[in-house]
Structure formats: structure tokens, C-alpha cells
Amino acid sequence: MKAGRFWAWLTFALGAAYFFIPLIATLEFSLRMRRGEYSFDAYRVVLGDVRFQETFLYSTVIACLTIVIGVLLVVPTAYWIRLRMPWIRPVVEFITLLPLIIPAIVIVFGYIRMYGSNSPLPFLATTRGTDFLLMIGYATLALPYMYRAVDTGLRTIDVRTLTEAAQVHGAGWTTIIARIILPNVLIAVLSGAFLTFAIVIGEFTMASLLNRPAFGPYLQNIGANRAYEPAALAVIAFAITWGCMSVIQVLSRFAPKSANNPN
Amino acid sequence: MSETTYPDPAAARQAVPPARAEGMRLPLHWLGVAPFFIFALMFLILPTFYLVVGAFQNDQGEFTLANMAALFQPSILAAYWISIRISLASAVLGALAGLAIAVAIVRGGLPKWVRSTTMTFSGVASNFAGVPLAFAFLATLGRLGLVTVLLRTWFDINIYALGFNILSFAGLTLTYLFFQIPLMVVIITPAIDGLKKEWGEAAATLGATQFQYWRMVVIPVLWPSFLGTVILLFANAFGAIATAYALTGSSLNIVPILLYAQIRGDVLHNPHLGYALAFGMIFVTGLANIFYIWFRVRSERWLK
């Protein structure tokens with residue numbers, strides 16, 4: 001077993017080296033802006049850039065609205081399927097996996113052709129409409145993760161009993177979903193939400209092809225024109241991703257583990 | 001829609017859909033899933049369908065295979081070929097490295113913190129893609145990157161003089177591994193956990209050596225999920241564009257970058273050829289995923 005442990009440590013060390021060297025190099029590079037000494041100049045320049053602030057704000061707002069769309073779409077659907085239409089679940093699961101098969105660039109290409117200004121549904125004719133289409137696009141990208149998270153959350157609660165108890169007290173469907181089901185799967189929903197945020201915040205393809213001033217295209221633009229700022233932005237982006245994943249990890253500790261309903 | 005009957009709890013536990021159990025009535029329960037299906041149809045299925053149909057039409061809207069045939073011109077074939085090579089290389093290498101790391105942290109007798117740290121980090125790194133990843137690798141292996149500079153000053157090795165270039169097949173593959181390996185770790189670790197201890201004990205009781213146990217038990221059981229994940233990683237790399245675009249601009253002609261240029265400015269001078277390009281991408285990833293589903297079904301038999 002001693003030899004086995006040696007190989008395990010070696011594998012782990014090699015893996016750690018591959019992953020940490022680029023991170024260290026990026027951090028080091030981002031501090032090199034001032035000649036001859038380390039400084040936070042690159043960060044100061046980036047954070048002080050008006051376009052950074054604008055695009056970051058724009059992407060944050062879009063990400064939050066995407067999460068709202070995702071929750072409104074996924075929670076009632078997953079709930080209803082569990083309650084009333086379990087036989088349709090394979091179909092819905094297959095659809096939620098489609099965004100992993102169809103590349104994002106193809107989806108957005110389809111939008112551009114289908115919803116152009118001359119089409120029956122001219123979303124792309126107005127700025128608001130384009131923003132809406134971008135959010136919809138992001139919601140499809142996040143769909144596989146959101147659906148999985150919520151469906152796993154629903155598995156841990158007794159949907160049927162909760163629904164009947166609420167109905168006995170005269171609750172309607174909106175009340176049941178908003179005040180009974182959603183609070184019960186809140187942790188799962190939040191996990192899905194933070195993952196969505198991590199995916200959406202720096203997304204490049206859709207935002208760029210829809211010509212919206214999002215964070216991803218801004219990153220690309222800086223990368224093509226500057227030397228040290230991109231490294232600082234990479235460090236910031238890594239920190240954001242790390243933050244989202246840490247929140248998910250912390251949340252998972254509060255998630256109910258036991259299922260009182262066998263299905 | 002209100003239900004005032006009180007079905008007994010035992011009946012409620014059975015997975016009988018009430019709409020069926022109550023016999024014929026208006027299919028109102030479809031209203032509950034209608035928003036989802038309308039969304040999927042409008043923003044996922046129809047836009048894709050639109051491109052697929054367009055790929056088989058000419059400017060007059062008549063059926064044609066000319067666009068498909070046009071895909072086989074050398075420049076487009078080369079784009080598909082390099083895309084497939086990069087995706088395959090990063091998928092296979094990523095899967096092997098990820099498997100090695102997963103086996104090490106699950107079976108290697110390492111302390112507990114190693115496993116939890118690796119899993120957390122893998123969750124982060126598998127989502128750290130796109131433009132920032134390109135920046136990180138430019139800062140590492142670009143012409144002024146830390147590793148490039150250190151290799152030159154410490155060991156007098158100039159990797160660029162030796163033919164390495166971050167804007168190349170090797171460079172892009174190395175970069176993609178940064179999200180491919182962690183994705184493999186995240187997916188395959190549960191499968192390795194699913195290897196039952198009893199199987200190892202049973203094999204040992206029957207006199208199997210460690211090598212025989214691996215060759216005749218572990219590898220056959222893990223094979224479908226391994227292969228399935230390779231395919232998922234392949235599709236993952238094949239559709240990715242942001243990293244490559246930020247890294248190489250349009251100097252490396254992979255399919256997503258070609259399609260991006262086509263959408264922006266009709267560089268192929270034929271809109272329907274653009275549709276065909278998109279159809280080709282769906283065809284490749286779709287084919288890969290059909291294999292994936294097939295292997296998944298086979299592997300889940302063992303992981304119950």
C-alpha cells in the first residue's frame with residue numbers, strides 16, 4: 001500500500017502543479033504593471049475604468065434577471081411533473097439536456113435568424129427586446145444545471161402531502177408554489193442561481209453576437225488591446241467563480257439530506 | 001382544479017398519476033407544463049430547426065444538398081478537422097488525467113482534506129472557462145508569460161524557439177485541459193465511489209492479484225462511464241469558442257470561430273452555407289451525445 005500512496009501523492013502533486021502554476025503566473029503578471037516593482041496598478045486601472053463598471057453592472061443585472069426567469073420556468077414545471085405528470089419526466093429531462101448538445105453559438109445564430117427585425121416576432125428590432133432575448137439565451141444555457149438542482153431539491157420533500165395540506169387550507173396553485181414549494185427547495189434553487197451567475201457573468205458568445213455591452217465582450221476587447229489589465233481581470237473572474245462555488249458548497253451543508261418520500 | 005378528496009397515504013405513496021387514476025377528464029394538467037414546452041419550442045427547438053432546415057435549402061427556398069456538399073471544401077474540412085482533433089485530444093487527455101486524480105483521491109489513501117479540497121477546486125476550475133482562462137494561459141505560456149520567462153532565464157530553454165506556440169493545436173489543447181480535467185474529476189469520482197468494497201474482497205478471496213482485480217473488475221465496470229464522460233468532454237470542447245477566440249483572435253481556424261465570423265460578416269458569402277456549418281456542429285455533438293446516452297444507460301446498470 002506504501003507504493004500506492006506514493007503514486008497517489010505524485011498524481012495529486014502533478015495535478016496541483018498544472019492548476020496552480022497558471023493561477024500564480026496570472027497573479028504575478030497582474031502585479032507587474034509598474035516597472036521594477038509589484039503593484040496593484042492594473043487592478044486600479046481596471047476597477048476605475050468606466051466601461052468595466054458599466055459592463056459589469058449590465059451583466060450582473062442580466063444575470064439576476066436570468067435567474068428570475070430560470071426559477072419561474074423551472075420550479076413550477078419540476079413541481080408539476082413530480083405531482084401530476086411523472087411519466088413525462090424523461091421528455092423534459094431530455095429537453096433540459098439539449099443545451100449541452102446544441103452549442104451556444106448555434107442557439108444564438110438561430111435567434112438572430114428567427115427573431116430579426118423583419119420576422120413576425122421582432123425581438124431584435126429594439127434594445128429591450130434584444131436584452132430579453134439575451135436573458136432567454138442565458139436561461140437556456142443554465143437550464144441543465146437549474147433543472148437538475150431543483151429536481152434534486154424536490155426529491156427531498158414530500159410534494160404530494162405538502163400540496164394536499166395546503167389545499168385543505170384553501171391555498172391556490174400560486175400560493176402553493178410561492179409559499180410552500182419554493183421555500184422548501186430554496187437551497188437547491190439558490191445553488192442553481194449561483195451556478196447560473198457564474199456561467200452568465202463573463203459569457204462572451206451570445207452577448208457579442210447580439211451586440212450587447214456585456215462583461216464578456218468587454219473582457220475580450222481588453223484582452224486584444226492591453227497587456228497587464230487582462231491578467232487582473234482573470235484574477236477577478238476567478239475570484240467571482242470561486243465565490244459562487246463556495247456559496248453553493250456552504251448552502252449544500254444546510255440542504256436536507258434524508259428523503260421522506262421514496263420517489 | 002381543487003381537490004377535496006383525501007386519498008389514503010399509502011395510495012399517495014404509489015407513483016400513480018392522479019389524472020390517470022381519476023379516469024377521463026379535461027387534460028388541464030397540461031397547462032402546468034405548457035410554459036416550459038412553449039419556452040423550449042420557441043427558444044431552443046425552433047431556432048435550431050430553422051437552421052437545420054435552412055441548411056438544406058437554397059436562396060429560393062427549394063430543397064438542395066449543395067450546402068452540404070459545400071461543407072466538403074478544403075478550408076471548411078480543415079476547420080472541422082482541427083476542431084475535432086483539439087476536442088478529442090483535450091477530452092481523452094483530460095479524461096485520463098482526471099481519472100488518475102480521482103483514483104488517487106478516492107483510493108490512494110490520502111488524507112481527507114485532499115479529497116474535499118480537490119472536489120471544491122474542481123467545481124471552480126470546471127466553470128472557469130471562456131475569456132479569462134485565455135488571459136491566464138497568456139500570462140503563463142505567452143511570449144512574456146511567467147513559465148516561458150522562467151524557463152528561459154533558469155534553464156536557458158526558449159520554448160518558442162523550440163516550436164511551441166500558445167496559439168496552436170498544442171497550446172489550445174493544454175488550455176482546454178484546465179476545465180476538462182476538473183469536469184472529469186467531478187463526474188467520475190462518484191463512479192469510483194460506486195465500486196463496491198465487496199467486489200475487491202470477493203476478487204481477493206478467489207485469489208486474484210491486484211492487477212487481475214483492476215483488469216477484470218474495475219476497468220470493465222468503469223469503462224462505460226469513462227467513455228461516456230470522454231464524449232461529454234468532447235462536446236464541451238467542440239462548442240467552446242470564447243477561450244479560443246480570446247487566445248488566438250481568428251488566427252486558428254476552428255469551426256466555432258469560423259461560424260462566429262460567418263454570423264458577423266458572412267465571410268463565406270452564402271448565408272445557407274452558414275446554416276450548414278451550424279448543422280455540421282449539431283451533427284457532430286449530437287452524434288457524440290447519442291453515444292454518451294447509450295454508454296450512460298449501460299453504466300448505470302452497475303452503479304445501482
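Me: What share of the 304 residues of chain B counts as buried?
Reply: This is a predicted model, in which local features need pLDDT of at least 70, side-chain atom pairs count only at pLDDT 80 or more, and totals for chains, interfaces and linings use all residues. Residues are numbered from 1 along each chain as its sequence is written, chains are lettered from A and ligands numbered from 1 in the order in which they are written. A residue is buried with 20 or more other C-beta atoms (placed from the backbone) within 10 Å of its own, exposed with 12 or fewer, and partly exposed in between. Of the 304 residues of chain B, the buried share is 42%.

Me: How many helices does chain B have?
Reply: Helices (H or I, at least four residues) and strands (E, at least two) are DSSP runs numbered from the N terminus. Chain B has zero strands. Its helix count is 14.

Me: What span does helix H5 of chain B reach from its first C-alpha to its last?
Reply: The helix covers residues 74-107, which is 34 residues. Just after H5(B), Gly109(B) takes a positive phi of about 70°.

Me: Are H9(B) and H11(B) roughly parallel or roughly antiparallel?
Reply: Helix H9 (residues 169-193) and helix H11 (residues 210-239) of chain B have axes 10 Å apart, at an angle of about 150°; axes are lines fitted to C-alpha atoms over the stretch in contact, and angles run from 0 to 180 degrees between N-to-C directions. Their contact has 10 nonpolar, four polar and no charged residues, where Ala, Val, Leu, Ile, Met, Phe, Trp, Tyr, Cys and Pro count as nonpolar, Asp, Glu, Lys and Arg as charged, and the others, Gly among them, as polar. Angles under 35 degrees count as roughly parallel, over 145 as roughly antiparallel, 65 to 115 as roughly perpendicular and the rest as oblique. H9(B) and H11(B) are therefore roughly antiparallel.

Me: Why does Leu233(B) count as buried?
Reply: Leu233(B) lies in helix H11 of chain B. Leaving aside neighbours within four places in sequence, Leu233(B) is in contact (C-beta atoms, placed from the backbone, within 7 Å) with residues including Ala91(B), Gly94(B) and Leu183(B). Leu233(B) is buried because its number of C-beta neighbours inside 10 Å is 29.

Me: At what angle do H6(A) and H9(A) cross?
Reply: Helix H6 (residues 127-155) and helix H9 (residues 186-200) of chain A have axes that come within 8 Å. Residues in the contact include Tyr138(A) and Leu141(A) of H6(A), and Ile187(A) and Leu195(A) of H9(A). By class there are 13 nonpolar, five polar and no charged residues. The crossing angle is roughly 160°.

Me: Which helix gives the largest share of the side of chain A that touches chain B?
Reply: In the contact between the chains, 70 residues of chain A meet 65 of chain B. The side of chain A has 47 nonpolar, 17 polar and six charged residues. Its largest share, 15 residues, comes from residues 2-30 of chain A, helix H1.

How values were computed: Two residues are in contact if their C-beta atoms, placed from the backbone, lie within 7 Å. The expected span of a helix is 1.5 Å times one less than its number of residues.
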